[in-house]
Amino acid sequence: MKNLPTDRDILKKIYNKYYDTFEDFERESKTRSSKIYVPIDIEEIANELHVDSELMFGRLYYHLNKKYGYTQPNGSKVYLLAPKVGNDKNAVNFPLLSAILAEMEETHKKNRLSIIFSIASLFISLLALLNTVF
């Protein structure tokens with residue numbers, strides 16, 4: 001079985017690849033339909049992550065959209081991936097994506113730190129055991 005990219009890997013790839021595009025929005029020149037929704041090339045991202053583009057679309061649209069999209073009090077929906085925004089196809093809500101990614105990065109750092117402390121504790125315990133035995 002091939003290694004599948006994590007949700008964090010996917011969002012990080014999109015963030016890194018399209019951050020400059022998000023920043024370069026100019027209302028006058030209308031480089032895209034909306035500042036916050038940035039169109040992405042799902043096939044290109046899928047190729048870079050070595051997965052099928054249909055799987056990538058499915059992960060973004062059916063899984064991550066359901067997990068992180070929400071409905072505002074006025075009834076309007078906020079999507080992580082919108083299949084169509086104005087003339088743009090497959091556009092991600094970049095501020096929402098960056099908030100999700102920041103949360104994932106924080107969780108990743110906490111988990112990594114916990115593992116490091118666990119390994120250090122195990123090493124100290126082994127040293128204490130060896131000291132007691134010898």
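Modeller: Let's start with Lys 17, which counts as partly exposed because its relative accessible area is 28%. Partly exposed sits between buried (under 20% relative accessible area) and exposed (over 50%), with a 1.4 Å probe and protein chains only; the areas come from the Shrake-Rupley method. Keep in mind that this is a predicted model, where local features need pLDDT of at least 70, side-chain atom pairs count only at pLDDT 80 or more, and totals for chains, interfaces and linings use all residues. Residues are numbered from 1 along each chain as its sequence is written, and side-chain values use heavy atoms, leaving out hydrogens and water.

Now for the partners. Glu 48 and Lys 13 form a salt bridge, 3.4 Å from N to O; the term means a side-chain nitrogen of Lys or Arg within 4 Å of a carboxyl oxygen of Asp or Glu. This pair links distant parts of the chain, with Glu 48 in helix H2 (residues 42-48) and Lys 13 in helix H1, 35 residues apart. Helices here are DSSP runs (H or I, at least four residues), as are strands (E, at least two), and they are numbered from the N terminus. Both ends are partly exposed: Glu 48 has 32% relative accessibility and Lys 13 has 27%.

Lys 17 has a partner too: Glu 44, with the closest N and O atoms 2.6 Å apart. Here again distant parts are linked, since Glu 44 is in helix H2 and Lys 17 in helix H1, 27 residues apart. Glu 44, at 32% relative accessibility, is partly exposed.

Another of them joins Glu 105 and Arg 8, whose closest N and O atoms are 3.0 Å apart. Because Glu 105 lies in helix H4 (residues 94-133) and Arg 8 in helix H1, this pair ties together parts that are 97 residues apart in sequence. Are these two buried or exposed? Glu 105 and Arg 8 are both buried.

At 44% relative accessibility, Glu 26 is partly exposed.
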